[in-house]
Amino acid sequence: AVHPDMKSHTGAVMSMGKGAVLSTSRKQKLNTTSSTVAKLVAVSDMMPMIMWTRLFLKEHGYEMGKSTIYQDKRSAMLLERNGRKSSTRHVNIRFFFVTDKIKNGELKVDYCPTEEIDGDF
């Protein structure tokens, strides 16, 4: 938690080719119980834009491989990939959506050290 009300912050950059097409930095709308859950919320918050962009490009004739999300929290990556159950409903909904996108081949999650994460500006 980085804000006085104990909410975390989401920072993200979406790139295509060698340039950024979207960058965002905003306070999360809910309190989380750990930094791992905060990372799940961050990925979930970005999923609508990622999925919209994928569908937009696909409808315009572009071949779409997997989108890659670079993350610096290995425990969040494990939850996203393996779909372990969470103790709260809002977290279940958020991360099972991400897990589903990974399993159906639209998304992958790779580790990137904190100092190299473009969204952590």
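Visitor: Which residues touch the most other members of the largest nonpolar core?

Guide: Quick caveat: this is a predicted model, so local features need pLDDT of at least 70 and side-chain atom pairs count only at pLDDT 80 or more, while totals for chains, interfaces and linings use all residues. Residues are numbered from 1 along each chain as its sequence is written, and side-chain values use heavy atoms, with hydrogens and water left out. A nonpolar core here is a set of buried Ala, Val, Leu, Ile, Met, Phe, Trp, Tyr and Cys residues joined through side-chain atoms within 4.5 Å, where buried means under 20% relative accessible area, exposed over 50% and partly exposed in between (1.4 Å probe, protein chains only). Of the 13 residues in this core, those touching the most other members are Val-43, Met-47, Ile-50, Ile-69, Val-98, Ile-102 and Leu-107.

Visitor: And which element gives the most to this core?

Guide: Elements are DSSP runs numbered from the N terminus: helices are H or I with at least four residues, strands E with at least two. Two or more core residues come from each of β1 (9-16), α1 (35-59), α3 (89-103) and β4 (107-111). With five residues, the top giver is α1.

Visitor: What is Ile-69 in contact with, leaving aside neighbours within four places in sequence?

Guide: Contact means heavy atoms within 4.5 Å. On that basis, Ile-69 meets Val-43, Met-47, Ile-50, Leu-107, Lys-108, Val-109 and Asp-110.

Visitor: On to charges: how many salt bridges does a search of the whole structure find?

Guide: Side chains of opposite charge can pair when their charged atoms come close. The cut-off is a side-chain nitrogen of Lys or Arg within 4 Å of a carboxyl oxygen of Asp or Glu. The search finds five.

Visitor: How far apart in sequence are the parts tied together by Asp-5 and Lys-27?

Guide: Asp-5 and Lys-27 form a salt bridge, with the closest N and O atoms 2.9 Å apart. Asp-5 sits in the segment before β1 and Lys-27 in strand β2 (residues 19-27), so the parts they tie together are separated by 22 residues.

Visitor: Asp-72 also pairs with Lys-39. Is Asp-72 buried or exposed?

Guide: The closest N and O atoms of that pair are 2.8 Å apart. Asp-72 is in the loop between β3 (67-71) and α2 (74-82) and Lys-39 in helix α1, so the bridge ties together parts 33 residues apart in sequence. Lys-39 is partly exposed at 24%; Asp-72, at 16% relative accessibility, counts as buried.

Visitor: Which residues are linked in a network of salt bridges?

Guide: Lys-108 and Asp-110 meet in a salt bridge at 3.8 Å, N to O. The network links Arg-54, Lys-101 and Glu-106.
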